[in-house]
Amino acid sequence: HTGTKACAHWHQGAFRRRVLALLQAMPVTDYKKWERMVLEEDDDDRPRRPRVTRLNGPSTVTLGAPPPEPPLGTGPVPHTSGRSQPRDALDYSRWDKIDISSDEDEEDDGEEEEERAESEAAACPSPAAGSGPVAVFDADAHDVDALDPEEEAQLRQLMSQPGVAAPPPPQPAKQALPTAEAVLQERTASLSRNGAAREGHLWRQTESEVELSLLLPPATRAKDLRPELRPSPEPAAAASVLVHRSGAGAAPLLEVELAYPVELPDEEDELAWEVTDYEPDSLGGRRALRITLRKRALPGVVVWWTRALATEAEIDPLSIPGRRRAAKAEGMQSVWEQAQAMFKQKVAERAPPAMLDLGEGGEADEGAEERE
């Protein structure tokens, strides 16, 4: 135990001696040398404007290298004290060789660069005014996209020609406006899809709806009309479409009977209709009253109309483009026709029926029964 304490005291004494030796080896900072420094105020604190050289026509610009920075010294200054220099100690004696000067040298360097740039600009030939574009070069800019010799030669040749302007960009071709006949044909095809176009009306259909378009005189407005869907007195019969003049109780302007039954709206205002343009003004200017109707059919059954009005001719249901099962329906139609032909042929081949003579008593004679 006594030996352990002695060892600890020995280590503590050695550590103290080492710290004292390090402190003694550190140089003492001498602040008297800063008294020789002369600090002058910079009168020109304004920001400097960029120097821009304006060149006219083809020119060559040579950018000079920046002035070399003044050296801070020729090498490390050896330690003058007799003691060894510690590795982690700061040596302030090397700052004695620093030459502190004013900003006059920098101003002189700037003036020299300015004079050199002006002399180079004066050496370049200046073309006459208006003979070519004026290029502005920045002395601090870097050439990041240089031209190859061939492109540079083409550019110089182009710039040397006075009055040469870049060709205007190509203008997009103007699309020709559709003619009146093309507009009418497009509207007719749209309003008669899966249906037909007649003299006074058009109609088109889907699996569940039918749109009936009644043609009206030119300049007819929607607020002047009041369409009505009137049911038939007979339950299984189709309804009729009536077109009245707004605010008038006279006879309807138009009345047509539908060919198939439709769903009747609960209220008169629930009937969907609108008035749109149909013919262009140059072709008559007639308008169309378009009324949307819902087909009445059994659940899961699709009924394709062959006509919209009871007075018009029917269309071929197999020629309707919107039918998804048109090919299958055509095959079924041919099978049905073959079955009917076979049935008619079988009926024709049957033997004629025999005639029975019942006599006065209502009983057939024995000879007739034997013949049978």
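User: Which side chains does Arg230 or Glu228 meet in a salt bridge, and how far apart are the N and O?
Analyst: In this predicted model, the side chains of Arg230 and Glu228 meet each other, with N to O at 3.9 Å. That pair passes because the cut-off for a salt bridge is 4 Å. Arg230 has a relative accessible area of 38%, so it counts as partly exposed.

User: How many salt bridges does a search of the whole structure find?
Analyst: The search finds 10. Another of them joins the side chains of Arg221 and Asp224, at 3.3 Å from N to O. Arg221 is partly exposed at 43% relative accessibility, and Asp224 is partly exposed at 24%.

User: Which salt bridge links distant parts of the chain?
Analyst: The side chains of Glu211 and Arg290 meet at 3.3 Å, N to O. Glu211 lies in strand E5 and Arg290 in strand E10, 79 residues apart, so this pair links distant parts of the chain. Are these two residues buried or exposed? Both are buried. They also belong to a network of salt bridges that links Arg204, Glu211, Glu274 and Arg290.

User: How should I read the strands E5 and E10 in a sheet?
Analyst: Strands of a sheet pair through backbone hydrogen bonds, either parallel or antiparallel. Here five strands form an open sheet in the order E3-E4-E5-E10-E9, with antiparallel pairing. Strand E3 (196-197) and strand E9 (272-277) stand at the edges with a single partner strand each, so one side of each has no neighbour in the sheet.

User: How many bridges pair E5 and E10?
Analyst: E5 and E10 pair over eight bridges, in the antiparallel sense. As a point of reference along that pairing, Leu214 stands opposite Leu289 in E10.

User: What joins E4 to the strands beside it?
Analyst: Take E3 and E4 to begin with. They run antiparallel and are joined by two bridges, and a hairpin of three residues connects them. Ala197 stands opposite Leu202 in E4.

User: How many residues of strand E4 are buried?
Analyst: Four of the five residues in strand E4 (201-205) are buried, so the strand is mostly covered.

User: Which residues make the nonpolar surface patch?
Analyst: Phe15, Val19, Leu20, Leu23 and Met26 make a nonpolar surface patch of about 500 Å². To place one of these residues, Val19 is in helix H1 (residues 2-25).

User: Why does Val19 count as partly exposed?
Analyst: Partly exposed covers the range between under 20% for buried and over 50% for exposed. Val19 has 33% relative accessibility, so it counts as partly exposed.

Note on methods:
Residues numbered from 1 in each chain as written. Predicted model: local features only at pLDDT ≥ 70, side-chain atom pairs only at ≥ 80, totals over all residues. Heavy atoms only, no water. Patch = residues over 30% accessible without salt bridge, like charges linked within 9 Å, V, L, I, M, F, W, Y side chains within 5 Å. Areas by Shrake-Rupley, 256 points an atom, 1.4 Å probe, with all protein chains shown as cover. Buried < 20%, exposed > 50% of the residue type's maximum accessible area, 1.4 Å probe, protein only. Pairing = 2+ DSSP bridges.
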